[in-house]
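Have the model open beside you as you read.

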Amino acid sequence: MLQSQPSRLGTLLLLLAAVIGFAVALYAWLTPLTGVTGTIGALGVAIASAVLALLTFILRGASRRGARIFWIIVTLVVLCGIGFAAALLHQYIITAAMVVGLIGLIALSSNSVRHHHRVNA
């Protein structure tokens, strides 16, 4: 099955945001003198970023309209949660990556909007 360009771009942007979020949060959690070394918040952001990558693949595979809407909302909540937690941890690179992920979510969900017009005769 051939995927549309916004779907591919949206998937890549969401995965990019998840990878950047995971890498920076893991770096902040492991590296001394980052201010959040060993904290549960940095570890939580790293785990949530891994969940975001998983949600990207689930969302891409969802075909029914109700399921797609549900997974879009769940992904949006995870994106906002990671961005807010990263801002509280003063890891603004992760927050910027989640904005890129939001753009990817919009691109990924824009191809799911299909207009079905029924003709009543």
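Which residues touch the most other members of the largest nonpolar core? They are L52, I82, I94 and M98, in a core of 25 residues. A nonpolar core here is a set of buried Ala, Val, Leu, Ile, Met, Phe, Trp, Tyr and Cys residues joined through side-chain atoms within 4.5 Å. Buried means under 20% relative accessible area, exposed means over 50%, and partly exposed lies in between (1.4 Å probe, protein chains only).

Before going further, a word on what you are looking at. This is a predicted model, in which local features need pLDDT of at least 70 and side-chain atom pairs count only at pLDDT 80 or more, while totals for chains, interfaces and linings use all residues. Residues are numbered from 1 along each chain as its sequence is written, and side-chain values use heavy atoms, with hydrogens and water left out.

Now for the overall layout. The protein chain has four helices and zero strands, giving the pattern α-α-α-α along the sequence. Helices (H or I, at least four residues) and strands (E, at least two) are DSSP runs, numbered from the N terminus. Of the chain's 121 residues, 35% are buried.

Back to the core: the elements that each give it two or more residues are helix 1 (5-30), helix 2 (40-61), helix 3 (65-88) and helix 4 (92-110). Helix 2 provides the largest share, seven residues. To see how the pieces meet, look at I82. Apart from its neighbours within four places in sequence, I82 is in contact (heavy atoms within 4.5 Å) with V45, A48, S49, L52, I94 and M98.

I82 is one of the buried residues of helix 3, which also include I72, L79 and A86. After helix 3 comes H90, with a positive phi near 60 degrees.

In helix 4, the buried residues include I94, M98, G101 and G104.

Finally, find R8 in helix 1. R8 is partly exposed, because its relative accessible area is 38%. The C-alpha atoms of R8 and G104 are separated by 9.3 Å, although these residues lie 96 residues apart along the chain.
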